[in-house]
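Visitor: Could you walk me through this one? I would like to hear the rule behind each label as well as the label.

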Amino acid sequence: YEYWVNGRASYEKRGFNTKGASHDIMHDRHKHRQKVFIKGCLQKLKEEGQTWTINVDVDEYLRFNFYDKKEGDPSGCRGDADCIRTYKQSILDGTHFRTKFNNFDTAAGYIQNTTDPYFHGSGEKPCI
């Protein structure tokens with residue numbers, strides 16, 4: 001796959017000489033390259049029949065919404081007593097994915113270290 005597409009601006013061209021370029025120009029070039037790569041990558045995944053994907057900056061930190069006993073019934077159950085009972089039981093017995101989160105990790109660290117079938121049902125390792 002060709003992941004470079006020339007843009008209109010001079011710094012968006014493949015042969016642009018970066019020597020002496022300002023920080024702003026280099027930042028804009030990076031944004032262009034990132035946009036082109038993500039678009040190409042998502043097109044490739046679609047062609048391969050992938051049903052979902054997530055784009056994250058691997059150096060960003062995640063804060064998970066861990067379970068708090070004071071939060072009450074889950075809004076997703078919409079008052080359904082069986083749903084609420086099942087949810088609360090999964091929290092208590094540790095099978096709900098929210099109970100398994102490391103509360104502070106980089107996106108890359110979490111994705112790389114997660115083996116929960118909720119996230120990796122196919123058994124394949126994530127592509128980082």
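## Labels and the rules behind them

Visitor: Why is D73 called partly exposed?

Guide: D73 has a relative accessible area of 46%. Buried means under 20%, exposed over 50%, and partly exposed in between (1.4 Å probe, protein chains only), so D73 at 46% is partly exposed. Before we go on, note that this is a predicted model, in which local features need pLDDT of at least 70 and side-chain atom pairs count only at pLDDT 80 or more, while totals for chains, interfaces and linings use all residues. Residues are numbered from 1 along each chain as its sequence is written, and side-chain values use heavy atoms, with hydrogens and water left out.

Visitor: What makes D73 and K88 a salt bridge?

Guide: The closest N and O atoms of D73 and K88 are 2.9 Å apart. A salt bridge needs a side-chain nitrogen of Lys or Arg within 4 Å of a carboxyl oxygen of Asp or Glu, so the pair at 2.9 Å qualifies. This pair links distant parts of the chain, 15 residues apart: D73 is in the loop between β1 (61-62) and α2 (81-92), and K88 is in helix α2. Helices (H or I, at least four residues) and strands (E, at least two) are DSSP runs, numbered from the N terminus. K88 is partly exposed too, at 33% relative accessibility.

Visitor: How many salt bridges does this rule give?

Guide: The count comes to four. Among them is K31 with D28, at 3.7 Å between the closest N and O atoms. Both residues lie in helix α1, three residues apart, about one turn of the helix. An α-helix has 3.6 residues a turn, so residues three or four places apart point the same way. K31 is partly exposed at 45%, and D28 is partly exposed at 27%. Another is the pair K44 and E48, at 3.5 Å from N to O.

Visitor: How do you know that R29 has no salt bridge?

Guide: The nearest side chain of opposite charge to R29, that of E12, is 8.8 Å away. Lys and Arg count as positive and Asp and Glu as negative, with His and the chain ends not counted.

Visitor: What is R29 in contact with, leaving aside its neighbours within four places in sequence?

Guide: Contact means heavy atoms within 4.5 Å, and the partners of R29 are W4, Y11, E12, K13, R14, F16 and T18. R29 itself lies in helix α1 (residues 23-47). The buried residues of α1 are R29, H32, V36 and G40.

Visitor: How far does α1 reach from its first C-alpha to its last?

Guide: With 25 residues, α1 reaches 36 Å, close to the 36 Å expected at 1.5 Å a residue. The expected span is 1.5 Å times one less than the number of residues. After α1 comes G49, whose phi is positive, near 85°.

Visitor: Why are C77 and C83 called a disulfide?

Guide: The sulfur atoms of C77 and C83 are 2.0 Å apart. A disulfide is a pair of cysteine sulfur atoms within 2.5 Å, so 2.0 Å meets the rule. A search of the whole structure finds one disulfide. The torsion about its S-S bond is about -65°, so the disulfide is left-handed. C77 counts as buried at 8% relative accessibility, whereas C83 is partly exposed at 29%.
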